[in-house]
Amino acid sequence: MRNLTYFVGMSLDGYIAAPDGDISSYQASDDFWAWLAASYPETLPAHARPHFGVAADAPNVHFDTLIMGRGTYEPALQVGITSPYPHVKQYIVSTTLGKIDDPAVELVESDPVGLVQRLKKEDGMDIWLAGGGKFAAQLIDEIDELVIKSYPVVLGDGVKAFADNFRPTQFELVKRENFDNGTQVSWFRRRV
C-alpha cells in the first residue's frame, strides 16, 4: 500500500508560510539545494528544475502523485502556471476554485479523505501531500510519514503546518540530516 507523506518546509515555530503565504524567509544553503535536487527532484516545480540542474525527464524518486489545497496551488496560478508539477499526477482539493483549465491537473471538490484512501490502494509510488495547513489537518488520520524541512527562522505568525484541528497524533523520528546554514530535514513515521 502507498504512503501519504506530508513533505513540507516550516519555520522553527511551526509555520509553513507567512500570513500572506510568502515563503521567502526560508533560506537554505547550497548543500541543501543539491541534496533536494538529487533526493527529491519531483518536489521541484517544472519551471525551477533547470535552475537546480534537474532534467525535465528526470525520474521521480519517492512520489508519483501530489495532492494540495487551493492555497498551495494558487501561487502557480497567479503567474499563469496551471500544471506546476507535470512529472507527477496532480490533484487540487478545493470547494471554491471552480475549475482548472489543464487536463494534467484534477480538481477534487469533496471528500479529500476518500481521495487519499483510494489513491493509497492504487499501484505506484508514495503520495506527496504538499499542503496547506488546514488541508493537512483534515488528512491527519491518513498521514503515514512526515518529512519536515526545518528552516532556522522564527516567523511569529503565519500559516500553521496543521491548522484548526486539535488532534494529538504521535510520530517517531526515523532520521535527520543537517545542512550548512542550520536547515534540517527530519523524517517521522506514524507511531502505531
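The paragraphs below go through this predicted model from its sheet to its helices and aromatic side chains. Residues are numbered from 1 along each chain as its sequence is written, and side-chain values use heavy atoms, with hydrogens and water left out. Because the model is predicted, local features need pLDDT of at least 70 and side-chain atom pairs count only at pLDDT 80 or more, while totals for chains, interfaces and linings use all residues.

UniProt, in an unreviewed entry, lists residues 4–184 as "domain: Bacterial bifunctional deaminase-reductase C-terminal". UniProt positions are given in the numbering used here, feature names are shortened, and annotations may be inferred rather than shown by experiment. Helices (H or I, at least four residues) and strands (E, at least two) are DSSP runs, numbered from the N terminus.

Eight strands make up an open sheet with mixed pairing, in the order β5-β4-β3-β6-β1-β7-β10-β9. Its edge strands are β5 (105–108) and β9 (171–178), each of which pairs on one side only. Two strands pair if DSSP finds at least two bridges between them. On average, and with direction ignored, neighbouring strands of this sheet are turned by 20° against each other. Axes are lines fitted to C-alpha atoms, for helices over the stretch in contact, and angles run from 0 to 180 degrees between N-to-C directions. Strands of a sheet pair through backbone hydrogen bonds, either parallel or antiparallel.

At the β5 end, strand β4 (residues 89–93) runs parallel to β5 and is joined to β5 by four bridges. V93 has V108 in β5 as its bridge partner. Strands β3 and β4 also pair in the parallel sense, over five bridges, and here L66 stands opposite Q90 in β4. Four of the five residues of β4 are buried, so β4 is largely enclosed by the rest of the structure. Buried means under 20% relative accessible area, exposed over 50%, and partly exposed in between (1.4 Å probe, protein chains only). Within the model, the charged end of K89 sits over the ring of Y91, 5.1 Å from the ring centre. A charge sits over a ring if NZ of Lys or CZ of Arg is within 6 Å of the ring centre and within 35 degrees of the ring normal.

Strand β7 is mostly covered, with five of its six residues buried. β7 pairs with β1 in the parallel sense over six bridges, where T5 stands opposite E145 in β7. With β10, β7 pairs in the antiparallel sense over six bridges, and the bridge partner of V147 in β10 is W187. The face of W187 has K175 over it, at 4.5 Å from the ring centre.

Helix α2 (residues 70–78) touches β3 (63–69), β4, β5 and β6 (126–131), and its direction makes about 100° with that of β3. Helix α1 (residues 30–39) touches β1 (4–10), β7 (145–150), β9 and β10 (184–190), and its direction makes about 45° with that of β10. In α1, F32, W35, L36, A37 and S39 are buried. The buried residues of α1 pack against β1, β7, β9 and β10.

The aromatic side chains come next. The structure holds 16 aromatic pairs. Rings of Phe, Tyr and Trp (its six-membered ring) pair if their centres lie within 6.5 Å; planes under 30 degrees apart count as stacked, over 60 as edge-to-face and the rest as tilted. One of these pairs is F32 with W35, tilted at 5.9 Å centre to centre and 35° between the planes. Both residues lie in helix α1, three residues apart, about one turn of the helix. F32 counts as buried because its relative accessibility is 0%. W35, with a relative accessible area of 11%, is buried too. F32 also forms an edge-to-face pair with F179, at 5.4 Å centre to centre and 85° between the planes. F179 lies in the loop between β9 and β10 and F32 in helix α1, so this pair ties together parts that are 147 residues apart in sequence. F179 counts as buried at 9% relative accessibility.

Terms used
Contact = heavy atoms within 4.5 Å.
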